[in-house]
Each structure stands twice: as structure tokens, then as C-alpha cells.
Amino acid sequence: MRGLKDGFRRFMVGRYGTDELNRSLSVLILVFVVLHLLVRSKVFFWLEVICLVLVYVRMFSRDTGKRFRENQAYLHYRFCVGEWTGRSRRRLKEHRTYKIFRCPHCRQKLRIPRGHGKIQVHCRSCGHDFMGRS
Ligand SMILES: [Zn+2]
């Protein structure tokens, strides 16, 4: 058992190993396995195979620089998607509690709590007052 472990360790020297992209691909494989079981489509089977091959090729690759750049690109993409969905969720929540006005004088956005009926809105940016329904 120890010899097998040492052999694997020697095999992995200079190879990339695993990273966040491989972990996400592994989760994707599990999703495809479940979909394959539910839908019984060959498409999901081939998607599983492609992802599995990708995971192993990346893991045993000796071109660590290229694998690192792929992982960085993936992390950047994931961060951007997370930021975009978080921003959308925040905007939706804000839309329920606040009404956004735009000052007719200077085009400044003004956030007013909803539920106060017709009110006079004061722009702090230019001092212009106008009427609005909150
Ligand atoms: Zn203004």
C-alpha cells in the first residue's frame, strides 16, 4: 500500500493536480449524472464523458502555467457572474422598498422610501425641488 502511495506521489511530481475549476467541473459531472438518470438522454452521457476527460487531462497536465491561467480566467468569470447576480438581487430588493427618481434639473438619481404618496422631492446635488409619487 505504501509503495502504491509513493508511486502515485512520484507520478504526480511536476503535474498540475486539482484546482477550483476542476472542483466545479466535478460538480458539473454530478449534475450531468443526475440529469442522465432522470432524462435518459445520450447528450448528458457525452457531457459527463467530456467533463471527466477534461478533469483528468487538467489534473495530470505538466503545463502548469497554462492550467493556472485557465483557472484564473474561470475564477474571474465566476466573480463577475456573482457580482452581476448580487447586484441584480440588491436592485430588486431596493426596488420594493425605494422609488428611484431622477432630478429633472441635473439628472442625479434620488432614492426615496416608498409608501408616502405624492411628495416634494429635494435634490441634494443641485437644490432643485420637484413633485413625485413614492
Ligand atoms: Zn438635481
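Biologist: At 3% relative accessibility, does Arg 58 count as buried or exposed?
Modeller: This is a predicted model, in which local features need pLDDT of at least 70 and side-chain atom pairs pLDDT 80 or more, while totals for chains, interfaces and linings use all residues. Residues are numbered from 1 along each chain as its sequence is written, and side-chain values use heavy atoms, without hydrogens and water. Buried means under 20% relative accessible area, exposed over 50% and partly exposed in between (1.4 Å probe, protein chains only). At 3%, Arg 58 therefore counts as buried.

Biologist: Which residue meets the side chain of Arg 58 in a salt bridge at 2.9 Å, N to O?
Modeller: A salt bridge is a side-chain nitrogen of Lys or Arg within 4 Å of a carboxyl oxygen of Asp or Glu. At 2.9 Å, the partner of Arg 58 is Glu 70. Arg 58 lies in helix H3, so the pair ties together parts 12 residues apart in sequence, the other part being helix H4 with Glu 70.

Biologist: How far apart are the end C-alpha atoms of H3?
Modeller: Helices are DSSP runs (H or I, at least four residues), numbered from the N terminus. The expected span is 1.5 Å times one less than the number of residues. For the 19 residues of H3 (residues 42-60) that gives 27 Å, which agrees with the distance in the model, 27 Å.

Biologist: What arc do the buried residues of H3 cover?
Modeller: Phe 44, Glu 48, Cys 51, Val 55, Arg 58 and Met 59 are buried in H3. They lie on the same side of H3, because their arc around the axis (from the directions to the C-beta atoms) is only 105°.

Definitions and conventions: Helix = DSSP H or I, 4+ residues; strand = E, 2+ residues; numbered from the N terminus.
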